[in-house]
Amino acid sequence: MANFVHKFQSAIPLPLTDVVLKDVVKKAKDWAIMHGAAMRSKTKFSEDSIQFAPFVLIPSPFPKKEFYKAIEVQLFLNEMMHWVAHNPEFLLNCLKDAALSDEFTGNLYKIYRTILEEGVAQNVSLGLLRSDYMAHKDAGNRINQVELNTIASSFAGIASQFKSLNRFVLEELGHFDKVDNLPDNNALNGLCEGMLEAWKIYGKQDASILFIVEDITYNICDQRFHEFELKKLHPKMKVLRRTLTQIVSQAELTDKKELIIDNHEVAVIYFRAGYEPGHYPSQKEWEARLLMERSKAIKCPSIQYHLAGTKKVQQELARTGVVEMFLSDSYKIDAVKEIFTGLYSLDFDESGNKAVQMALDSPERFVLKPQREGGGNNVYGVDVKEAILQMKDKHERTAWILMDRINPPIISGYMVRPEGPDKPDLVDMVSELGIFGVVIGDPKSIMVNRQVGHMLRTKISTANEGGVAAGLGALDSPYLI
Ligand code: ADP
Ligand code: MG
Ligand code: MG
């Protein structure tokens with residue numbers, strides 16, 4: 001029954017009384033701060049302080065069967081993405097038009113081609129992936145994939161704290177019998193084990209792990225949890241943090257292609273930045289990216305993994321017969337296809353023209369997406385029509401994709417945010433589940449393929465996107481129903 005309703009029943013009876021709500025919100029906020037379920041404030045930024053991250057007080061219901069389906073399919077997605085990343089003909093062909101009409105994609109594409117021409121110094125890639133889903137109420141609440149991230153897949157660090165926070169709240173409210181419905185989450189440890197395995201493959205005891213970070217890091221707890229977990233797993237290993245701009249002046253390549261930063265040899269580069277144009281303020285940062293790509297450090301992601309995670313590739317994978325190019329087992333192929341929703345190219349051909357017409361006829365049924373990451377870039381509703389009308393005769397349209405809009409079931413709950421009211425209102429929300437995967441391999445084989453944990457992000461139901469830092473989304477835990 002629960003799987004086929006348009007509004008999920010909350011984990012516990014709501015609303016709470018004002019007195020109970022105020023009390024538990026206050027405790028939960030302090031719990032969050034004290035356990036690092038926190039971020040730096042954008043409005044009152046200081047490197048010396050953190051604020052709790054926006055969170056959902058009572059964990060949001062999520063269909064159990066769909067949760068476990070997402071977990072199972074992660075292994076197949078890891079495998080598929082690894083082979084996609086190692087098929088230059090497919091990748092180059094897929095992205096050739098987008099690379100011409102979108103400068104950012106073009107720059108990544110150029111690096112990839114340079115590396116293909118020169119020959120790679122490091123055959124091994126590390127993928128720390130996150131595949132995102134929403135339940136689609138028009139499809140019996142089956143999950144549909146929103147996207148698959150291959151770069152800077154974030155929130156594993158603090159998501160691992162959210163089970164404990166939501167559990168604390170349920171227990172505070174006396175619902176001890178409910179806590180078993182919160183699945184375990186070891187995403188942080190799983191991703192860090194993956195980094196450590198890559199570091200071991202590199203094979204030098206005194207080599208470091210380099211985090212490439214933004215000029216200003218708001219999601220600091222999430223990043224530091226990764227760093228501190230790595231130190232816990234291997235206390236002698238050094239973790240460095242540098243921006244792309246710092247790499248410009250601090251990085252060198254030895255004649256053996258070792259990457260040296262301030263006298264430290266780098267074994268693994270973990271990109272938490274580099275996925276949007278703003279991270280490359282000048283051509284020099286692009287040169288720094290190329291220099292790292294030329295090195296024998298193991299990259300997370302390598303340039304081919306980065307490109308494999310673009311929206312254009314996601315759309316091409318949804319074409320008939322394409323998943324079959326990368327997976328051979330029919331069970332895996334069917335499982336992967338089952339999570340895809342309608343994805344349409346806007347190329348200048350028959351199917352592209354058809355997609356343009358569909359979007360003009362019923363824009364509200366679709367989301368229009370450029371080749372970008374990090375939220376806030378997509379186009380929705382009536383704006384889809386406007387945007388399509390503007391781009392339909394321009395080459396630019398080939399750098400966008402069209403996707404069926406997923407309509408998740410509504411959940412009632414309380415969102416708690418910094419500087420919000422003591423007593424938040426009960427609001428209608430929708431959730432997006434992310435599953436983390438680790439894959440390590442080279443052009444010939446896959447050495448590690450794991451599913452390691454999850455995160456749940458919930459937003460106000462009327463918001464198009466639920467960026468946590470942007471203010472409409474909040475972190476949450478799945479309460480399996
Ligand atoms: P990004 O790489 O910027 O995170 P996404 O494809 O994840 O790009 O889109 C950002 C957000 O937009 C998602 O988190 C989701 O809230 C919303 N969104 C994306 N695709 C869809 C879709 N097909 N249907 C409904 N909402 C979507
Ligand atoms: Mg993304
Ligand atoms: Mg996303």
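Okay, a bit of housekeeping. Residues are numbered from 1 along each chain as its sequence is written, while chains are lettered from A and ligands numbered from 1 in the order in which they are written. Since this is a predicted model, local features need pLDDT of at least 70 and side-chain atom pairs count only at pLDDT 80 or more, whereas totals for chains, interfaces and linings use all residues.

So, the overall picture. The protein chain has 15 helices and 22 strands. Those are DSSP runs numbered from the N terminus, with helices being H or I of at least four residues and strands being E of at least two. The C-alpha trace spans about 65 × 60 × 45 Å along its principal axes.

On burial, 47% of the 481 residues count as buried. The cut-offs: 20 or more other C-beta atoms within 10 Å is buried, 12 or fewer is exposed, and in between is partly exposed, with C-beta atoms placed from the backbone. As for contacts, take the ones between residues at least 6 apart in sequence: 77% of them join residues at least 24 apart. A contact here is two C-beta atoms, placed from the backbone, within 7 Å.

Next, the domains. The assignment, which is automatic or from a database, gives domain 1 as 2-341 + 406-480 and domain 2 as 342-405. Their C-alpha centres lie 25 Å apart. The contact between them takes 25 residues from domain 1 and 22 residues from domain 2. On the domain 1 side, α3 (88-101), α4 (103-118) and α11 (311-317) each supply at least two residues. That side divides into 9 nonpolar, 10 polar and 6 charged residues. For the classes, Ala, Val, Leu, Ile, Met, Phe, Trp, Tyr, Cys and Pro are nonpolar, Asp, Glu, Lys and Arg are charged, and the others, Gly among them, are polar.

Now the ligand. Which residues come nearest to ligand 1? Of the 17 around it, those are E147, E373, R405, I406 and E465. "Around" means a C-beta atom, placed from the backbone, within 6 Å of the molecule. Strands β7 (142-149) and β15 (366-370) are the elements that give two or more residues to this shell. By class, the shell has 4 nonpolar, 5 polar and 8 charged residues. Both domains take part, with at least three residues drawn from each of domain 1 and domain 2.

An unreviewed entry lists residues 208-308 as "domain: Glutathione synthase substrate-binding". UniProt positions are in the numbering used here, feature names are shortened, and annotations may be inferred rather than shown by experiment. In the model, that span is 39% helix and 28% strand, and its end C-alpha atoms lie 26 Å apart.

The unreviewed entry also lists R130, Q223 and R457 under "binding site". R130 lies in strand β6 (residues 125-136), and it counts as buried because it has 26 C-beta neighbours inside 10 Å. Leaving aside neighbours within four places in sequence, R130 is in contact with N149, S153, G434, I435 and F436. R457 sits in strand β20 (residues 446-460) and is buried too, with 22 other C-beta atoms within 10 Å. With residues up to four places away left out, R457 touches S431, E432, G466, V468, G473, L475 and D476.

A cis peptide bond joins L14 and P15, with omega about 5 degrees, and P15 lies in the loop between β1 (7-8) and α1 (18-34). The bond from C300 to P301 is cis as well, with omega near 5 degrees; P301 is in the loop between β13 (298-300) and α10 (303-308).

F155 has a phi of about 85 degrees and lies in the loop between β7 and α5 (156-172). E419 has about 65 degrees, in the loop between β18 (410-416) and β19 (426-441). Buried or exposed? F155 is buried, with 23 other C-beta atoms within 10 Å, whereas E419 counts as exposed, with 8 C-beta neighbours inside 10 Å.
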